[in-house]
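Me: Can we go through the nonpolar core and the aromatic pairs of this one? Keep it simple.

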Amino acid sequence: GKGAFAVKNIMFSDGRCKPSASICSGLVVCLVWIGITGVGCRTDGLDVNLGRIRAFNSEKKSVDSIRLFTSSVLFNLDGEPGPDGFSARVFAVHNSIAKPIQITEGTLEIIIYDGDASRDQSLKPRQVWSFSGTDLHRYLRQTSIGFSYDFTLKIDNSKPLPGKVSIGAKYTPPEGDSIFAKTVSIAIEP
């Protein structure tokens, strides 16, 4: 036809039609799209997740450092006026492994301080949440970048919150020195 979408076919010497360049490039684009989207597909099957965990097994690796990420603001968990909670995500790192690893032993603590603890190392903790290696599996998440521990924690409001708090994390292995994450300061909105 002579319409706007007409496809022009070119003939081979034996009488077969040769598809136009636009059809060939369309097929290539389609195959590339299938390849890209197929790579990102996931299933919810238990066998798949177990296989991934084994792919970069971290059970026998020691923790060399930890990284802490928190919510940028405190939020309200109890419905009463004022902020009283925050979220924290901790990654445990072994230097020879590209992805964060699992913590299988020792203790992980999330610590909140009144004020800016990065500037004043003498601050006493306002509150400490402690999780043993056996408790941590409840908070364990696996993502494309490795393992993390995700917490939503409620702050004890028995005394008023200051204008700024700092949140830190500490990992204490069964043997050796404790490992600290860099503290994160959060300004509290009135």
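What follows is a short chat about the core and the rings.

Reply: This is a predicted model, where local features need pLDDT of at least 70, side-chain atom pairs count only at pLDDT 80 or more, and totals for chains, interfaces and linings use all residues. Residues are numbered from 1 along each chain as its sequence is written, and side-chain values use heavy atoms, with hydrogens and water left out.

Me: How many residues has the largest nonpolar core?

Reply: The largest nonpolar core has 30 residues. A nonpolar core is a set of buried Ala, Val, Leu, Ile, Met, Phe, Trp, Tyr and Cys residues joined through side-chain atoms within 4.5 Å; buried means under 20% relative accessible area (1.4 Å probe, protein chains only).

Me: Which residues have the most contacts inside it?

Reply: Ile 66, Phe 86, Ile 110 and Phe 151. Among the elements giving two or more residues to this core are strand S4 (85-93) and strand S6 (125-132). Strands are DSSP runs (E, at least two residues), numbered from the N terminus.

Me: Now the rings. How many aromatic pairs are there?

Reply: Five. Rings of Phe, Tyr and Trp (its six-membered ring) pair if their centres lie within 6.5 Å, and planes over 60 degrees apart count as edge-to-face. Phe 86 and Trp 129 form an edge-to-face pair, 5.5 Å centre to centre with 75 degrees between the planes.

Me: What does that pair tie together?

Reply: Phe 86 lies in strand S4 and Trp 129 in strand S6, so the pair ties together parts 43 residues apart in sequence.

Me: Is Phe 86 buried or exposed?

Reply: Phe 86 counts as buried, at 0% relative accessibility.

Technical notes: Buried < 20%, exposed > 50% of the residue type's maximum accessible area, 1.4 Å probe, protein only. Helix = DSSP H or I, 4+ residues; strand = E, 2+ residues; numbered from the N terminus. Phe/Tyr/Trp six-rings, centres within 6.5 Å; stacked < 30°, edge-to-face > 60°.
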